[in-house]
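Please look through the sequence and the model below before reading on. The paragraphs after it are meant to be read with the structure in view.

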Amino acid sequence: MAQPLVQMALDSLDFDQTVALAEKVAPHVDILEIGTPCIKHNGINLLKTLRAKFPNNKILVDLKTMDAGYYEAEPFYKAGADICTVLGTADIGTIKGVIDVANAYGKEAQVDLINVADKGQRTKEVAALGAHIIGVHTGLDQQAAGQTPFVDLGLVASLGLNVKVSVAGGIKPATVQQVVKAGASIVVAGAAIYGAADPAAAAAEITGLARSAA
Amino acid sequence: MAKPLIQVALDSLDYEQTLALARQAAPYVDIIEIGTPCLKVNGLALVKAIKAAHPDKLLFVDLKTMDAGYYEAEPFFKAGADITTVLGTADLGTIKGVVDVANAYGKQAQVDLINVEDKATRATEAAKLGAHIIGIHTGIDQQLAGQTPFADLAALVALGLNVKVSVAGGIKQATVQQVVKAGPDIVVIGGAITGSPAAELASREIRELVDAAA
């Protein structure tokens with residue numbers, strides 16, 4: 001099994017707080033994610049700041065693009081994003097636009113399956129279009145209603161497609177190894193890191209657990 | 001027939017150009033929209049700048065929220081947005097979150113039906129949750145594939161729900177009167193104004209056509 005990557009989701013709205021948290025966790029994770037509310041709040045300057053400060057981490061911008069795929073994602077790839085997300089519920093033309101612009105910049109497009117009705121079918125369609133990463137994602141509002149990403153991960157992994165699979169949705173130290181063993185190539189942690197008393201230690205713990213499960 | 005409100009969608013990515021377009025269109029429109037790509041690039045600061053420059057206009061922020069409804073929308077209502085959008089393809093809990101926070105601030109939530117499969121069912125559900133506006137929306141990528149919002153608009157108006165109806169998707173001088181006659185409460189104009197070499201003149205033309213049709 002390939003070494004899984006660990007991604008930290010930065011979900012604060014505050015610019016300085018986001019940078020400060022990134023400074024603590026960056027040495028212990030592979031990918032820094034600028035969460036959707038955070039990017040809408042702070043705009044592209046936050047990406048530029050993180051890109052300059054953390055040249056050794058990949059940066060994912062969780063655009064959750066729903067329309068105008070190429071146009072919306074291009075400035076973020078230009079500004080140094082390694083991965084941008086597009087919604088699985090978007091028009092297939094929008095998804096293709098984000099894949100195309102990712103390829104034009106030698107970067108990656110992730111299709112987020114959040115709230116997609118037929119996840120197996122959509123995954124096959126976007127893999128055929130050349131999507132680089134499939135995001136299995138139980139949203140915050142869905143987590144609040146008691147849902148988890150584990151069943152969906154099993155479904156997507158069982159398709160055996162030639163795409164990376166990223167998993168997000170309340171993952172914590174107690175569940176990270178289960179997720180890796182179920183086939184995740186990228187594990188996303190948010191609250192389990194930023195909600196910890198020592199976020200750096202929590203990030204290191206999750207990364208250690210993910211690596212030893214592979 | 002009641003006269004619909006005119007909304008101009010600002011879809012440039014450039015901060016200064018967006019402010020300039022808002023100045024040119026403002027005398028002839030009721031609602032100023034900060035488009036999704038524009039918002040993601042420029043962040044909340046642009047919302048505050050537009051609100052300060054145009055305190056007499058309704059300010060529409062096209063968040064297209066897909067998760068964390070209350071959390072994502074709240075800072076925008078706080079900063080002066082009168083309407084923010086949530087995706088119709090989002091979890092109902094997310095839609096409810098945006099409706100709730102809009103109500104908490106005495107503002108309005110719009111549910112965007114872009115790429116929703118069963119638009120009538122979703123519109124009915126959203127109306128039941130208390131959504132203030134339902135948006136019929138043919139996206140940019142769908143327009144490129146030849147689609148228009150006209151049939152969806154007629155179907156939604158025919159439902160007779162107790163919500164306002166907004167329509168967007170390539171509406172221009174040649175089609176705006178046809179759209180007005182179908183009975184929407186809000187007509188959104190994007191490229192026909194912002195892509196015009198004479199944005200102020202184009203705004204005035206749209207205003208005159210809407211007034212003459214209503």
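Predicted model: local features only at pLDDT ≥ 70, side-chain atom pairs only at ≥ 80, totals over all residues.

Residues are numbered from 1 along each chain as its sequence is written, and chains are lettered from A and ligands numbered from 1 in the order in which they are written.

Chain B holds 11 helices and 8 strands, where helices (H or I, at least four residues) and strands (E, at least two) are DSSP runs numbered from the N terminus. Its C-alpha trace spans about 45 × 35 × 30 Å along the principal axes. Among contacts (C-beta atoms, placed from the backbone, within 7 Å) between residues of chain B at least 6 apart in sequence, 62% join residues at least 24 apart.

In chain A, 8 strands form a closed barrel in the order 1-2-3-4-5-6-7-8, with parallel pairing, for which DSSP must find at least two bridges between two strands. Strand 5 (residues 108-112) and strand 6 (residues 133-137) of chain A, for instance, pair in the parallel sense over 3 bridges, and A:Asp112 has A:Gly135 of strand 6 as its bridge partner.

Where the chains meet, the contact takes 33 residues from chain B and 33 residues from chain A. On the side of chain B that touches chain A, the elements that each supply at least two residues are helix 2 (36-42), strand 3 (58-65), helix 4 (69-78), helix 5 (92-104) and helix 7 (140-144), and helix 2 gives the most, with 6 residues.

Helix 4 of chain B deserves a separate look. Its buried residues are B:Gly69, B:Glu72, B:Ala73, B:Glu74, B:Phe76 and B:Phe77, and what covers them includes helix 2 (36-42) and helix 7 (140-144) of chain A, together with helix 3 (44-53), strand 3, strand 4 (83-87) and helix 5 of chain B. Just after helix 4 of chain B, B:Gly80 takes a positive phi of about 115°.

Notes
Contact = placed C-beta atoms within 7 Å. Buried ≥ 20, exposed ≤ 12 C-beta atoms within 10 Å, placed from the backbone.
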